[in-house]
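Dear colleague,

Please find below the structure I promised to hand over. My findings follow directly after it.

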Amino acid sequence: MLIQKSSLLKIAMATAMLTLLTGCPFDDDDNDDSPDVVVTPTPEPPAPAPEYSYEIQVTNLTYAQPLSPIAVTLHGDEVLWTIGMPASNALEILAEGGDNSSFIGQESIIASASGEGVVMPGTMSTISVTTTEMTATHITIATMLVNTNDAFSGLTGLDLSSFELDDSRSW
């Protein structure tokens, strides 16, 4: 019987030890002197604004008419010229001298780019323009007809809002 009481005592001691090891499910740190640690999550940086990029290819289909460097502008829904109305000073400079710097630098222009040089008949110029501004919903493309002293060609106010990724259009 002594063996049984001794075994019973060991079982009781082992049960008591396991109970002490399991601990308490409550975290009561108010009674200790350790400092409270506050973890503040680092906020996620804001996502970068989406980038809108357009690649414009202009082919000179004329017989013998070189084109000045192509001007490409992104802007709001206004048109940059109206047939039959007086030209702006910037458009006049482009049409008379082929210099597109004033035209692409107008206040209403959100983003712009210029072609590299003269586009000879039968050749093509590719111009890329990029912006992060969502208000750049329209595009205008303009060039001087070099063999004239006061003429230009172009398209103004083309709506880009319906374009999808990798869309392609011809005008």
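This is a predicted model: local features need pLDDT of at least 70, side-chain atom pairs count only at pLDDT 80 or more; totals for chains, interfaces and linings use all residues.

Of the 171 residues in the protein, 27% are buried. Taking contacts between residues at least 6 apart in sequence, 72% join residues at least 24 apart.

As to the overall fold, the secondary structure consists of three helices and six strands. Along the sequence these elements follow the pattern α-β-β-α-α-β-β-β-β.

Four strands form an open sheet in the order β3-β2-β5-β6, and their pairing is antiparallel. At its edges stand β3 (109-114) and β6 (152-159), each of which pairs on one side only. On average, neighbouring strands of this sheet are turned by 15 degrees against each other, direction ignored. Six bridges join β5 (residues 138-144) to β6 in the antiparallel sense. H138 has D159, in β6, as its bridge partner. Helix α2 (residues 89-97) packs on the sheet, where it touches β2 (71-75), β5 and β6. The direction of α2 makes about 35 degrees with that of β5.

Turning to charged side chains, the structure holds one salt bridge. Side chains of opposite charge can pair when their charged atoms come close. Here the partners are D167 and R169, whose closest N and O atoms are 3.3 Å apart. How accessible are the two residues? D167 counts as partly exposed because its relative accessibility is 33%, and R169, at 36%, likewise counts as partly exposed.

A64 lies in the loop between β1 (52-59) and β2. With a relative accessibility of 43%, A64 counts as partly exposed. Which residues does A64 touch, not counting those up to four places away in sequence? The residues in question are P121 and N147. A64 and G122 are 58 residues apart in sequence, while their C-alpha atoms lie 9.1 Å apart in space.

With kind regards

Methods:
Residues are numbered from 1 along each chain as its sequence is written. Side-chain values use heavy atoms; hydrogens and water are left out. Two strands pair if DSSP finds at least two bridges between them. Helices (H or I, at least four residues) and strands (E, at least two) are DSSP runs, numbered from the N terminus. Axes are lines fitted to C-alpha atoms, for helices over the stretch in contact, and angles run from 0 to 180 degrees between N-to-C directions. Contact means heavy atoms within 4.5 Å. Buried means under 20% relative accessible area, exposed over 50%, partly exposed in between (1.4 Å probe, protein chains only). A salt bridge is a side-chain nitrogen of Lys or Arg within 4 Å of a carboxyl oxygen of Asp or Glu.
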